[in-house]
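User: Hey, can you walk me through this one? I'd like to hear about the packing inside and the charged pairs.

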Amino acid sequence: MLEDLTTAVFSATPWPAAYPKGYAVVDVETTGLARDDRIISAAVYRLDERGEVEDHWYTTVNPERDPGPVWIHGLTSEALEGAPLFPDIAEEFTARLAGRVLVAHNAVFDWQMIAREYARAEREAPVKQRLCTIALSKELGLPLPNHKLESLAAHFGVVQQRAHHALDDARVLAEAFRPSLRAAAANNVRLPLHECRPLTEWTDRPAAPRIGQQAGPGGYGGYRPSSWRPSRKRPACPYPNPGRYQAGGRLKQGMRVAFSGDTSTERDLLEDRATEAGLHVATSLSRLTSLLVTNDPDSGTSKVVKARQFGTPVVDEAAFGQLLADVEPASEG
């Protein structure tokens with residue numbers, strides 16, 4: 001009765017006209033965290049413009065390789081052997097994402113995995129914008145002890161039943177997103193929406209063991225941590241380091257830029273753009289670093305920790321993309 005009354009009150013509340021007309025709350029479980037890892041299950045809760053659930057959908061996906069950390073997601077090779085391949089579920093997935101803002105917890109990760117699967121299938125993900133519930137909780141100033149989904153759920157009294165199961169994680173997020181969205185609307189908060197640019201081509205690295213095959217040595221139950229990227233020799237930056245980036249100002253050729261964490265644009269491509277603009281791409285962070293680019297400034301990565309210690313300026317990927325469009329030339333002489 002109280003919930004019906006609350007819904008009625010919010011239905012009568014003026015709603016920001018600029019807010020999206022629908023959302024797709026998504027969770028994907030994967031074989032790992034790297035660019036060559038695969039989706040093994042996906043869930044989508046479709047919500048209307050005010051966050052009310054319209055329907056939900058769930059599927060497992062055969063990744064055509066070892067399933068990774070089974071002790072986390074619980075999906076074994078045997079469970080996935082008869083599951084559809086991603087191209088087989090792409091049309092249904094498309095129908096559930098189309099015309100909606102993708103909502104996820106740490107949305108850049110889910111978006112990356114989805115975009116890569118579509119690119120492998122020679123299709124384009126129908127997502128134009130994404131919204132990260134971590135970013136929204138920061139905009140709302142929620143008093144959370146950390147940015148885990150379980151903390152957001154607990155704040156709104158949402159009970160999680162099966163952590164790391166895509167369907168239950170998506171349900172929990174949908175239930176926590178609704179009051180977050182209502183709070184944002186009531187206070188006319190600008191939603192932290194980010195543009196999504198689908199990948200249009202893809203080249204796979206040598207594949208991990210397929211389902212049913214034995215993983216090579218060095219793995220844990222078949223799971224191989226895959227943060228490795230081949231080293232790339234970049235030409236030395238020809239410009240001297242002009243110092244640190246100043247908030248509100250422009251980047252200047254020669255500035256040392258470091259990256260930390262996941263990015264919606266492929267990291268190699270983002271680094272190439274920075275190099276082409278005349279910036280020095282640094283693989284580590286020091287007192288000489290001009291700027292750190294990260295989508296999660298509250299994470300505990302070594303670069304973020306050092307940035308706090310050194311007072312290094314920090315911007316997110318979207319802001320960095322805007323700065324790249326107007327890089328100041330290096331001083332002559």
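User: Before we start, what kind of model is it, and how are residues numbered?

Analyst: It's a predicted model, with residues numbered from 1 along each chain as its sequence is written; local features need pLDDT of at least 70, side-chain atom pairs count only at pLDDT 80 or more, and totals for chains, interfaces and linings use all residues. Side-chain values use heavy atoms, with hydrogens and water left out.

User: OK, which residues touch the most other members of the largest nonpolar core?

Analyst: Y19, Y23, V25, F177 and L191 do, out of 29 residues in that core. A nonpolar core here is a set of buried Ala, Val, Leu, Ile, Met, Phe, Trp, Tyr and Cys residues joined through side-chain atoms within 4.5 Å. Buried means under 20% relative accessible area, exposed over 50%, and partly exposed in between (1.4 Å probe, protein chains only).

User: And which elements give two or more residues to this core?

Analyst: Those are β1 (22-30), β2 (39-48), β4 (101-104), α7 (149-155) and α8 (166-186). α8 gives the most, with 10 residues. Helices (H or I, at least four residues) and strands (E, at least two) are DSSP runs, numbered from the N terminus.

User: What does Y19 touch?

Analyst: Leaving out residues up to four places away in sequence, Y19 touches L181, A184, A185, N188, V189 and L191. Contact means heavy atoms within 4.5 Å. There's also a second, separate core of 28 residues, with A42, V61, I89 and A90 among them.

User: Switching to α9: which of its residues are buried?

Analyst: In α9 (residues 267-276), R267, L270, E271 and A274 are buried. They line one face of the helix, because they fall within an arc of 95 degrees seen down its axis (the arc is that of the directions from the helix axis to the C-beta atoms). Among the elements covering them are β7 (256-260), β8 (280-282) and α11 (317-324). After α9 comes G278, which has a positive phi near 95 degrees.

User: Now the charges. How many salt bridges are there?

Analyst: The count is 15, where a salt bridge is a side-chain nitrogen of Lys or Arg within 4 Å of a carboxyl oxygen of Asp or Glu. For instance, D55 pairs with R96, with the closest N and O atoms 3.3 Å apart. D55 is in strand β3 and R96 in helix α4, so this pair ties together parts that are 41 residues apart in sequence.

User: Is R96 buried or exposed?

Analyst: R96 counts as buried, at 12% relative accessibility, while D55 is partly exposed at 24%. These two also belong to a network with R46 and E92, joined by salt bridges that share partners.

User: What about E49 and K21?

Analyst: Their side chains meet in a salt bridge too, at 3.8 Å, N to O. E49 sits in the loop between β2 and β3, and K21 in the loop between α1 (2-12) and β1, 28 residues apart. K21 is exposed at 60%, and E49 is partly exposed at 29%.

User: Last topic: which residues other than glycine have a positive phi?

Analyst: E64 is one of them, with phi near 60 degrees. E64 is in the loop between β3 (53-60) and α2 (70-73) and is partly exposed at 31%. H164 is another, at about 70 degrees; H164 lies in the loop between α7 and α8.
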